[in-house]
Amino acid sequence: IQFNYYNIDVKDANSTQTGSGGAISVYSAKPYEGALFIQDKMEFEGMIANVGLRFDVWNSGLDYFTNLFSPYSIIMDSVGVRYDANSAPKAKSPMVARLQPRVGVSFPVSENTVFHTNYGSFMQRPSFQYVVGSQVTQGSNIPRVLGNPRLEPEITNSYDLGIMQGLGGGFTLDVSGYYKDVKNLVEAANFTSNTGLTYTSYYNRDNTDIRGFRIALTKRTGIISGS
């Protein structure tokens, strides 16, 4: 069982430059994440299986602005035009929860040959700078960069398949191929309103797949061992 709670409080007036018109970072949030993981190793005649299940929850701990093109409220008074985040319309960020199974199986094909295969699902929350970070113009409070509290975690489904062959003399040769399907990669997006306000935020907009193979020659016994 795992639980992490974060108290983020940033006041950086020198992030880009000082003085009126410079960019400053002032934001706070209290994200939390938790996980429950269980795994069992099962040995049968001629087969070994590792089976696991992980349950993750994640919340950014920060409300999100409902108006994407004009996130802050615009205030006009004797001082001039200002942007206010506190009075802007917001909504609660959703809780993210996901089950992630992991299975690994190996069994001998012959006296010197072992077949193995693995599957796993993995979740990685986005970096805090993309979730809760923000940057505004000093003085006027015009938003320049806004994190997205609704960002979903990066999801990876991983598969591999291989065979291990004993060569004699303590040597083994392991040849395997793998494939990873990665979803919810983070990309930057620019928003421009009809008043000319432009700022940057982040969204889950990209996917990728990774393919490859691995060849390993290992010597485990004798005076000299290595791989």
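The model is predicted, so everything below describes a computed structure.

Strand β15 covers residues 171–192 and strand β16 covers residues 198–219. They run antiparallel and are joined by 20 bridges. One place to look is Asp 181, whose opposite number in β16 is Asp 209. Between these two strands the hairpin has five residues, and Gly 196 has a positive phi near 95° there.

Which residue has a positive phi although it is not a glycine? Asn 184 does, with a phi of about 70°. You can find Asn 184 within strand β15.

Ala 35 has Asp 56 in β5 as its bridge partner. Two residues sit between the strands of this hairpin, where Gly 46 has a positive phi near 85°. Strand β5 also runs antiparallel to β10, with 11 bridges joining them. Here Leu 53 faces Pro 101 in β10.

Strand β12 has two partners to look at. Two bridges join it to β3 in the antiparallel sense, with Ala 23 bridged to Thr 137 in β12. Three bridges link β12 to strand β13 (residues 143–146), again antiparallel, and Gln 135 has Val 145 in β13 as its bridge partner. In the hairpin of β12 and β13, with five residues between the strands, Gly 139 has a positive phi near 95°.

| Strand pair | Bridges |
|---|---|
| β15 and β16 | 20 bridges |
| β5 and β10 | 11 bridges |
| β12 and β13 | three bridges |
| β3 and β12 | two bridges |

The side chains of β12 are worth a look too. Ser 134 and Val 136 point one way from the strand, while Gln 135 and Thr 137 point the other way. Are these four residues buried or exposed? All are buried.

In soluble globular proteins, nonpolar side chains tend to be buried together. In this model, the largest nonpolar core has 13 residues, and the ones touching the most other members are Phe 65, Tyr 72, Leu 146 and Phe 191. Strands β15 and β16 are the elements that give two or more residues to this core. A separate core of 11 residues includes Trp 58, Met 123, Val 131 and Leu 151.

Which residues does Tyr 72 touch, not counting residues up to four places away in sequence? They are Phe 65, Tyr 83, Asp 84, Ala 85, Ala 88, Val 136, Asn 141, Pro 143 and Leu 146.

Why does Asp 84 count as buried? Its relative accessibility is 18%, and the cut-off for buried is under 20%. The side chain of Asp 84 makes a polar contact of 2.6 Å with the side chain of Ser 87. Setting aside neighbours within four places in sequence, Asp 84 is in contact with Tyr 72, Ser 73, Ile 75 and Asn 141.

Glu 111 gives a contrast. This residue is in the loop between β10 (96–110) and β11 (113–124). Glu 111 counts as exposed because its relative accessible area is 79%, and exposed means over 50%. Although Glu 111 and Gly 166 are 55 residues apart in sequence, their C-alpha atoms are 8.6 Å apart in space.

## Pocket and cavity

Rolling a probe the size of a water molecule over the atoms shows where empty space is left. The largest pocket holds about 420 Å³ of space. Its lining has 24 residues, and Val 26, Phe 65, Tyr 72, Ala 85 and Ser 134 lie nearest its centre. The elements giving two or more residues to this lining are β2 (8–12), β3 (23–29) and β12 (134–137). Strand β3 supplies the largest share, four residues.

How many cavities of 30 Å³ or more are found in the whole structure? The search finds one. The largest cavity has a volume of about 120 Å³. It is lined by 13 residues, with Phe 65, Leu 68, Gly 147, Ser 201 and Tyr 203 closest to the centre. Both β6 (64–65) and β16 supply at least two residues of the lining, and β16 gives the largest share, three residues.

Conventions:
Residues are numbered from 1 along each chain as its sequence is written. This is a predicted model: local features need pLDDT of at least 70, side-chain atom pairs count only at pLDDT 80 or more; totals for chains, interfaces and linings use all residues. Side-chain values use heavy atoms; hydrogens and water are left out. A nonpolar core is a set of buried Ala, Val, Leu, Ile, Met, Phe, Trp, Tyr and Cys residues joined through side-chain atoms within 4.5 Å. Buried means under 20% relative accessible area, exposed over 50%, partly exposed in between (1.4 Å probe, protein chains only). Contact means heavy atoms within 4.5 Å. Two strands pair if DSSP finds at least two bridges between them. A polar contact is a pair of N or O atoms within 3.5 Å; within protein, one must be able to donate a hydrogen and the other to accept it, and residues adjacent in sequence count only if both atoms are side-chain atoms. On a 1 Å grid over the protein atoms alone, a cavity is a set of points where a 1.4 Å probe fits but cannot get out, and a pocket is an open set with protein on both sides within 12 Å along at least five of seven lines; lining residues have an atom within 4 Å of a point. Grid points are joined across faces, edges and corners, and a volume is the space filled by probe spheres set on the points.
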